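Subject: Structure handover

Hello,

Here is the structure I said I would pass on.

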Amino acid sequence: VQPFWVVLIGAALFNERLGADRLGWIAAAFGGLVLASGVAATENLQGHASYLIGIGEALAGSVLYASVTLIAKGLGNLRPHLLTLMQCAVGVVCLPFIAPLVAPFDATHIEPMQWFWIVGMGVLHTGLSYVLIYGALPKLTTPIIAVLLFVYPLTAIAVDAIVYGRALSLAQWAGMALIVIASLGVNLGWPLFSLLGSGGRARRQAE
């Protein structure tokens, strides 16, 4: 859902013209994500209260994460490594207040090798990746940012299948392919609806 917030809020903030084709590709990517994630499976939608609460919290988080993305885009004149440093500094300040609410944290239970992985996640997967992302956001339009955001869960699903040997269903493969096609469609400017319209005209002419 986050890419849709990025498109809608970004269009209002940056006065960017969306166009039916780009919105169509973004909707197609969202459909691909639904298929690839398996969230539409009936066994996952049984109406449990905790599950619905989780969906509500995820939607709220998507709005906040979209806001962070657009703030980073709006701060294009600020160097990406400084923006990353500021965000991590805020996290350090907030962590002592948030950690007790989530789970008890005792450093004595962390092995040296585990500290190695924690530092690696902090330096590479947070620090370096945020510098690259924040450096790219000001150069991209919000529709391109939105459709590229679908690549993030796509990568997670692919890594889950490759590293942990999780078998993907045909619907998941179709969803992943749809995300890739939609990403290419937005970035390369493929005219989705005009192509569909020309295909329909060609069929009518053939008939």
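Two rings of Phe, Tyr or Trp (for Trp, its six-membered ring) count as a pair if their centres lie within 6.5 Å; planes under 30 degrees apart make the pair stacked, over 60 edge-to-face, and the rest tilted. By this rule there are four aromatic pairs. One of them joins Phe 116 and Trp 117, edge-to-face, with 5.5 Å centre to centre and 75° between the planes. Both Phe 116 and Trp 117 are exposed; for a residue, exposed means over 50% relative accessible area, buried under 20%, and partly exposed in between (1.4 Å probe, protein chains only).

Another pair is Tyr 130 with Tyr 134: the ring centres are 5.5 Å apart and the planes stand at 45°, so this pair is tilted. Tyr 130 and Tyr 134 are about one helical turn apart, because they sit four residues from each other in helix α5 (residues 112-136). Tyr 130 is partly exposed, at 21% relative accessibility, whereas Tyr 134 is buried, at 7%.

A word on the source. This is a predicted model, in which local features need pLDDT of at least 70 and side-chain atom pairs count only at pLDDT 80 or more, while totals for chains, interfaces and linings use all residues. Residues are numbered from 1 along each chain as its sequence is written, and side-chain values use heavy atoms, leaving out hydrogens and water.

The chain has nine helices and zero strands. Both are DSSP runs numbered from the N terminus: helices are H or I with at least four residues, strands E with at least two.

Now for α7 (residues 151-164). This helix has 14 residues and reaches 19 Å from its first C-alpha to its last, close to the expected 20 Å (1.5 Å times one less than the number of residues). Which residues of α7 are buried? They are Leu 154, Ile 157 and Ala 161. These three lie on the same side of α7, because they cover an arc of only 65° around the axis, the arc being that of the directions from the helix axis to the C-beta atoms. The buried residues of α7 pack against α2 (20-37) and α8 (170-188). On the other side of α7, Tyr 152, Ile 162, Val 163 and Tyr 164 are exposed. Just after α7, Gly 165 has a positive phi of about 65°.

Finally, the chain as a whole: 24% of its 207 residues count as buried.

Regards

Key. Contact = heavy atoms within 4.5 Å.
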